[in-house]
Amino acid sequence: MMMLYATPLSHYSRKVRILLDLWQLPYQFVDIGNVTNTDQDVFAGNPLMKVPVLVDGSQWIIDSDIIAQYLVEKYDPKDRYRVKELDWARLNIRAVMNGMMQEEVKLILAKRTGVPIDQYEFFHKSKQVLSQGLNWLETNASNFDSKNPGYLEFHLLCLWEHLDFFHFIDQSLDLPQLRFIYHELSQQPSIQKTSFHLLRRKKT
Ligand SMILES: N[C@@H](CCC(=O)N[C@@H](CS)C(=O)NCC(=O)O)C(=O)O
């Protein structure tokens, strides 16, 4: 059986988990625990010490988007969720969301390891990216297809719910379209299965 090294609260991993659930592909979820760990073996040998990592027989694949591509090639050649789409506007949106996820990880891991983030300009930029990113996504929201959601829309779901979970959504921002799309997507049972809201607030 495939093994996915991840954590229940990893937004990058959740993108892959949603695809696996939609395709009804069984896999073993290996919770690696705290991602601040510095033992490469805990991350299934990933030298970057990040999750997700997929092990499928002799195949070892890192990085959520590459894992998604691998899975589509092997299990969904028709690419029902448009993982391999080449629509430049939508790919830019994916890049923005992946970048925002990275800034969020930076903030969370800094806090978790005792860095006083409010004291450093470096982290102010990360917070600014989160607010600007949300505004930019709202402006570009017509590119999302909430009636026929695919990999792009799953990025938004994972990003939004994670930001919400960690209280990174600036409530003064006006984001009606993003809220609507999130709400529509979050109703789907296959998506609810991996909801962060099912988890208690814990350090994983
Ligand atoms: N580009 C990678 C990013 C993976 C990533 O940053 N994962 C986070 C958890 S959501 C992590 O493991 N962070 C540990 C660290 O940065 O030290 C991907 O798409 O898989």
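## Conventions

Helices (H or I, at least four residues) and strands (E, at least two) are DSSP runs, numbered from the N terminus. Residue numbers start from 1 along each chain, as its sequence is written. The model is predicted: local features need pLDDT of at least 70, side-chain atom pairs count only at pLDDT 80 or more, and totals for chains, interfaces and linings use all residues.

## Loop features

Pro52 sits in the loop between β2 (27–31) and β3 (53–56). The peptide bond that joins Val51 and Pro52 is cis, with omega about 10 degrees.

The loop between α1 and β2 contains Gln24. Gln24 is not a glycine, yet its phi is positive, at about 55 degrees.

## Domains

Domain 1 (2–81) and domain 2 (88–192) divide the chain; the bounds come from an automatic or database domain assignment. Taken over C-alpha atoms, the centres of domain 1 and domain 2 are separated by 20 Å. The contact takes 10 residues from domain 1 and 13 residues from domain 2, two residues being in contact if their C-beta atoms, placed from the backbone, lie within 7 Å.

On the side of domain 1 that touches domain 2, helix α1 (residues 11–22) gives the largest share, seven residues. By class, this side of domain 1 has five nonpolar, two polar and three charged residues. Here Ala, Val, Leu, Ile, Met, Phe, Trp, Tyr, Cys and Pro count as nonpolar, Asp, Glu, Lys and Arg as charged, and the others, Gly among them, as polar.

## Ligand shell

There are 13 residues around the ligand, of which Ser10, Tyr12, Val35, Lys50 and Ser64 come nearest; a residue is near a molecule if its C-beta atom, placed from the backbone, lies within 6 Å of it. At least two residues of the shell are supplied by each of α1, α2 (64–75) and α3 (88–112). The shell has seven nonpolar, three polar and three charged residues.

Axes are lines fitted to C-alpha atoms, for helices over the stretch in contact, and angles run from 0 to 180 degrees between N-to-C directions. Angles under 35 degrees count as roughly parallel, over 145 as roughly antiparallel, 65 to 115 as roughly perpendicular and the rest as oblique. A crossing is left-handed if the near helix is turned anticlockwise from the far one by less than a right angle, and right-handed if clockwise.

The axes of α1 and helix α5 (residues 151–165) cross at roughly 140 degrees and come within 9 Å, so α1 and α5 are oblique to each other. The crossing of α1 past α5 is right-handed. His11, Arg14, Lys15 and Ile18 of α1 meet Phe154, His155, Cys158, Leu159 and His162 of α5. This contact has four nonpolar, three polar and two charged residues.

With axes 10 Å apart, α3 and α5 pack at about 25 degrees, which makes α3 roughly parallel to α5. The crossing of α3 past α5 is left-handed. From α3 the contact takes Arg90, Ile93, Arg94, Met97, Met100, Met101 and Glu104, and from α5 Leu152, His155, Leu156, Leu159, His162 and Leu163. By class, eight are nonpolar, two polar and three charged.

## Helix α6

Helix α6 (residues 176–186) and α5 have axes that come within 10 Å and cross at roughly 100 degrees, which makes α5 roughly perpendicular to α6. Glu153, Leu156, Leu157 and Trp160 of α5 contact Leu178, Ile181, Tyr182, Leu185 and Ser186 of α6. Seven nonpolar, one polar and one charged residues form this contact.
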